[in-house]
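Have a look at the sequence and the model first.

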Amino acid sequence: MVFTGPATPGGLPNMKSFAIHILTGPWLMVFGSLLIMSAAGATYLFALYSGDIKDSLGYDQTTLNLLSFFKDLGTNVGVPAGLIAEVTPSWFVLSLGAVLNFFGYFMMWLAVTKRIARPAVWQMCLYICVGANSQAFANVGSLVVCVKNFPQSRGVVLGILKGYVGLSGAIMTQFYHAIYRDNSKQLILLIGWLPAAISLVFVRTIRTMKVTRQSNELKVFYKFLYISLGLAAFLMIIIILEKKLTFNQGEYGGAAAMVLILLFLPIAVVIGEELNIWKAKQAVLDDPASPVKVITEKPTQEIAAPLDQSAPLSSPIEARVVDQANVSCWKTAFKPPNRGDDYTILQALFSIDMLILFLATTCGVGGTLTAVDNLGQIGTSQGYPKQSISTFVSLVSIWNYLGRVTSGFVSEIILAKYKFPRPLMLTLIMLLSCLGHLLIAFNVHGGLYVASIIIGFCFGAQWPLLFAIISEIFGLRYYSTLYNFGAVASPVGSYILNVKVAGNLYDNEARKQMAARGIIRKLGQDLDCTGTECFKLAFIIITVTTMLGALVSFILVLRTRKFYKSDIYKKFQEEQKQAEEEMAAAGNGTVAAPKAG
């Protein structure tokens with residue numbers, strides 16, 4: 001590690017060198033990830049523009065839900081993105097994601113605005129799947145990188161970054177109103193170009209780094225949390241005002257400008273923290289005799305590199321790596337290591353723990369995702385005005401955010417203090433979501449507002465818990481791939497509960513209503529249903545399914561109770577201690593200033 005760039009008189013850093021220090025530092029990487037995540041949840045806006053797709057292309061509800069399924073499929077089937085990330089740098093992953101995002105949504109916009117010939121259903125499914133799949137590349141290219149750079153704060157990192165994904169729906173809604181007012185067809189175009197542009201700006205900033213764990217690391221993430229809470233509070237106030245008042249274009253622009261300021265406010269935290277690090281380095285350069293510990297973490301690639309068989313093995317970990325290198329991955333697929341150690345991809349995929357987690361997520365996330373995707377049709381069928389439907393989408397977005405940051409931060413705190421297992425928190429979240437499903441099923445007066453809050457919170461809370469559990473049980477070595485495999489459960493649940501259950505039951509009820517009125521549906525005419533019965537049976541089924549998922553999740557609680565009672569971060573603490581000892585032995589614990597000339 002080399003420190004360069006003398007300070008100017010008065011203790012201020014040389015601005016050029018300090019700028020380079022910021023650009024190459026870990027906290028700007030976190031800031032870039034926050035901005036990417038703030039635009040990475042555009043798939044949650046489907047309820048706002050799904051009506052335009054239905055009207056422009058003449059779809060029935062089953063076809064629209066099929067399109068929604070392919071959106072969820074693209075969003076969550078990120079295994080190809082994970083495998084690509086295993087062999088390519090993060091800048092390539094982010095760039096590829098930006099291209100996919102723009103292509104998919106731009107083609108959809110051309111179809112909905114009738115600038116191209118009416119595409120076949122399979123083509124629209126392909127476009128939305130490709131566009132939504134870019135979110136997986138954004139997750140792998142930024143979020144997974146941050147988890148690897150801050151492994152001992154993974155719950156907090158997942159909570160804050162996934163929280164910004166949850167807020168992205170409300171953020172994008174404000175930008176959409178400011179730029180396009182209420183033209184929801186243009187929202188599709190905004191979703192196409194804005195996330196792609198943000199990813200391209202930060203392609204060289206976000207990367208896997210040798211990050212030294214700072215004593216105030218958690219405090220810095222809390223600062224990011226407080227700023228995001230301010231952003232969420234502002235969005236909530238704006239949503240309420242937009243519901244009560246009629247905004248003009250200028251007022252929408254003012255709200256969007258304030259959102260932009262709050263989005264860029266974390267850069268002040270970045271500059272402050274990097275300045276503190278800079279000053280600490282300058283103190284070492286000014287006094288070379290002062291003992292300073294320099295801690296670096298070995299990159300994952302070193303572990304994967306072939307070891308010299310003739311050299312003595314310094315630890316049991318190296319011995320296991322050599323053994324695994326000499327044995328086919330298929331022979332070890334059913335011989336998993338201890339929980340918390342690095343599983344191979346096959347060991348994780350064939351493990352009982354992963355199967356249980358997959359089934360629980362299919363039931364839990366699948367149910368809440370069905371509610372989120374159908375909010376527009378649920379609101380319309382139950383007689384809510386169009387402005388209220390926009391409110392539901394924003395409420396889901398904000399409480400989605402609160403669910404993510406709450407589960408990420410709270411689960412990390414109670415795990416550290418009380419050894420409270422994350423799988424148990426996941427079980428409790430699933431049980432809470434059942435209340436939201438029942439409010440929709442029985443169309444309680446004004447209940448969709450409360451249901452939007454509950455379902456948004458529960459939907460958001462499940463994701464950081466799922467991804468943290470995967471990283472804790474199966475290790476970080478192949479986290480890019482395993483992270484995305486865990487997300488595959490979402491489209492599976494969505495297909496079963498959204499397309500096969502909710503979509504078919506809605507269309508059957510709509511056909512009954514048309515027959516009762518003596519109306520014959522024409523080819524290409526959309527199929528609409530009104531009343532409580534449209535979604536009642538579907539959400540009763542979803543409630544029962546979610547309760548089953550909670551039961552399956554509790555089985556994982558019982559299987560992992562001993563693991564979570566232990567110190568699950570002990571391995572990372574030992575690696576850090578070993579790095580300290582190696583550096584102390586090599587350099588006697590000091591960092592010397594570079595010689596002149």
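**Cysteines and a helix pair**

Cys529 and Cys534 form a disulfide (a pair of cysteine sulfur atoms within 2.5 Å), with their sulfurs 1.9 Å apart. Keep in mind that this is a predicted model, where local features need pLDDT of at least 70, side-chain atom pairs count only at pLDDT 80 or more, and totals for chains, interfaces and linings use all residues. Residues are numbered from 1 along each chain as its sequence is written, and side-chain values use heavy atoms, with hydrogens and water left out.

**Cysteines**

- Searching the whole structure turns up one disulfide.
- The link of Cys529 and Cys534 is left-handed, with -90 degrees about the S-S bond.
- Both Cys529 and Cys534 are buried, meaning under 20% relative accessible area (1.4 Å probe, protein chains only).

**Helices α7 and α21**

- Helix α7 (residues 121-149) packs against helix α21 (residues 479-487) at about 125 degrees, axes 10 Å apart; helices are DSSP runs (H or I, at least four residues), numbered from the N terminus.
- On the α7 side, the contact (heavy atoms within 4.5 Å) includes Ala136, Asn139 and Val140, and on the α21 side it includes Tyr479 and Tyr483.
- The residues of this contact of α7 with α21 split into seven nonpolar, three polar and one charged.

Conventions. Axes fitted to C-alpha atoms, helices over the stretch in contact; angles between N-to-C directions. Helix = DSSP H or I, 4+ residues; strand = E, 2+ residues; numbered from the N terminus. Nonpolar A, V, L, I, M, F, W, Y, C, P; charged D, E, K, R; others polar. Buried < 20%, exposed > 50% of the residue type's maximum accessible area, 1.4 Å probe, protein only.
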